Amino acid sequence: MKIKSVFAREIIDSRGNPTIEVDIKTEGGGFGRASSPSGASRGLHEATELRDGGPRFSGKGVLRAVDNVNKAIGPAIYEMEASPQEDIDQKMIELDGTKNKEKLGGNAIVAVSMANLKAAASTKKMALYDFLGGEKLPIPLLNIINGGKHAGNGLSIQEFMVIPAKSPSFSEGLRAACEIYRTLNDKLVKKYGRTSRNVGDEGGFAPPMSRTTEALDAISESIEECGYAANAGIGLDAAASSFYRESDGKYFMDGKYMEKGELIDYYGELLRAYKILSIEDPLFEEDFEGFAEFTRRYGEKVQVVGDDLVVTNPERVKKAIEMNAMNALLLKVNQIGTVTEARKAAELAMEAGMEVVVSHRSGETDDTFIADFSVGIGATQIKSGAPARGERTCKYNRLLRIEEKLGKHYSQVW
Ligand code: PGA
Ligand code: ZN
């Protein structure tokens with residue numbers, strides 16, 4: 001299955017920013033199309049997103065990245081076998097030659113990497129999840145109240161998610177989450193007025209709240225009212241780097257600055273008061289020791305997820321494993337830039353007994369790659385925002401179609 005054409009174009013993402021989409025055709029009629037998502041609360045150590053600068057799209061154009069695919073990467077992988085994926089990814093890593101993929105652009109490289117994997121599956125006339133060998137559906141983590149950098153309210157914590165952990169199947173879990181989401185809508189409108197049903201970048205409501213407990217109360221009540229108290233719990237992504245002040249190491253939480261120790265204690269109170277099943281990036285992204293302390297204190301009863309901490313980078317994942325700094329990995333292929341490296345990060349985590357949560361970005365496209373990928377690599381969870389906004393729902397809807405094929409095999413974590 002030789003690669004016969006590689007073509008990149010500029011498209012737009014869910015925030016109206018440009019991003020790169022790549023089409024790959026193989027000998028034998030294989031075709032793969034993939035696009036790069038884009039984060040707002042990006043980790044410090046992520047692969048570089050190459051942007052044009054200048055007046056187009058306020059500097060965010062990706063025509064240089066497009067050119068890098070059409071004029072450098074394309075010719076380099078032309079006539080190579082689309083499978084094994086490692087060879088294609090290795091070729092691009094060498095061609096780029098930098099640590100953070102800044103020469104060709106992580107956005108250019110990741111779009112080619114994902115398109116190639118799809119093209120390889122398509123050449124074999126297989127669905128991507130099946131090509132990778134998946135058998136189970138992941139538990140969805142649905143972000144139903146947005147704060148932090150994803151919304152214009154006063155919530156420090158970026159994501160408040162509902163987790164239908166004990167539903168009988170993915171489709172039943174999704175249904176529970178949708179019912180909870182709609183109930184939450186009504187509750188928020190009643191209490192905070194009509195503006196509270198405005199949604200943030202990931203489709204969650206962005207009510208005018210400023211205290212963490214307000215969001216947790218609203219979600220807990222909605223879960224209960226819908227009759228899912230036994231099946232569903234709450235997940236948080238603090239994305240704490242976005243409310244961390246480096247000058248003095250303090251965190252701005254609920255209207256005041258807290259010391260690290262105070263913040264960790266505060267999380268403990270929240271864990272006691274609410275049914276929180278998972279918490280991501282509770283502390284600043286460079287603070288491996290802090291994460292280790294957090295995991296030591298709470299890791300028995302809550303899933304501690306590393307996102308900005310490890311940025312899907314196998315080296316950083318190794319360090320987190322050695323230090324016991326988390327018990328679950330957030331996996332975003334575009335953080336590291338190739339499918340192969342992302343799979344390596346997932347493998348390391350799984351070997352260490354950690355859960356893997358495959359994730360979208362706050363800037364997304366209609367690409368459903370992560371739905372297939374989550375099933376294919378055996379991740380137990382997927383995070384793709386609220387059950388709202390097409391760029392979020394397309395992933396969940398893709399998983400419904402996969403469930404038709406695989407049957408109701410649902411992951412179990414809690
Ligand atoms: P981002 O946020 O895509 O804006 O970086 C998602 C996350 O932090 O998980
Ligand atoms: Zn995160």
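Guide: The domain assignment, which is automatic or taken from a database, divides the chain into domain 1 (3-125) and domain 2 (131-406). This is a predicted model, in which local features need pLDDT of at least 70 and side-chain atom pairs count only at pLDDT 80 or more, while totals for chains, interfaces and linings use all residues. Residues are numbered from 1 along each chain as its sequence is written, chains are lettered from A and ligands numbered from 1 in the order in which they are written, and side-chain values use heavy atoms, with hydrogens and water left out.

Taken over C-alpha atoms, the centres of domain 1 and domain 2 are 26 Å apart. With contact defined as heavy atoms within 4.5 Å, 37 residues of domain 1 touch 32 residues of domain 2. The two domains bury about 2,800 Å² between them, and 56% of that area is on carbon and sulfur atoms; buried area is the accessible area (1.4 Å probe) that two parts lose on being put together, summed over both. S14, S41 and H45 supply 21% of what domain 1 buries against domain 2, more than any other three residues.

The rule finds four salt bridges between domain 1 and domain 2, a salt bridge being a side-chain nitrogen of Lys or Arg within 4 Å of a carboxyl oxygen of Asp or Glu. E46 forms a salt bridge with R361, with 3.0 Å between the closest N and O atoms.

On the side of domain 1 that touches domain 2, the elements giving two or more residues are β1 (3-12), β3 (31-35), α2 (85-96) and α3 (106-123). These elements are DSSP runs numbered from the N terminus, with helices (H or I) of at least four residues and strands (E) of at least two. Of them, α3 gives the most, with nine residues. The residues of this side divide into 14 nonpolar, 13 polar and 10 charged, where Ala, Val, Leu, Ile, Met, Phe, Trp, Tyr, Cys and Pro count as nonpolar, Asp, Glu, Lys and Arg as charged, and the others, Gly among them, as polar.

P84 lies in the loop between α1 (63-77) and α2, and the peptide bond from S83 to P84 is cis, with omega near 5°. K101 is placed in the loop between α2 and α3; although not a glycine, K101 has a positive phi of about 60°.
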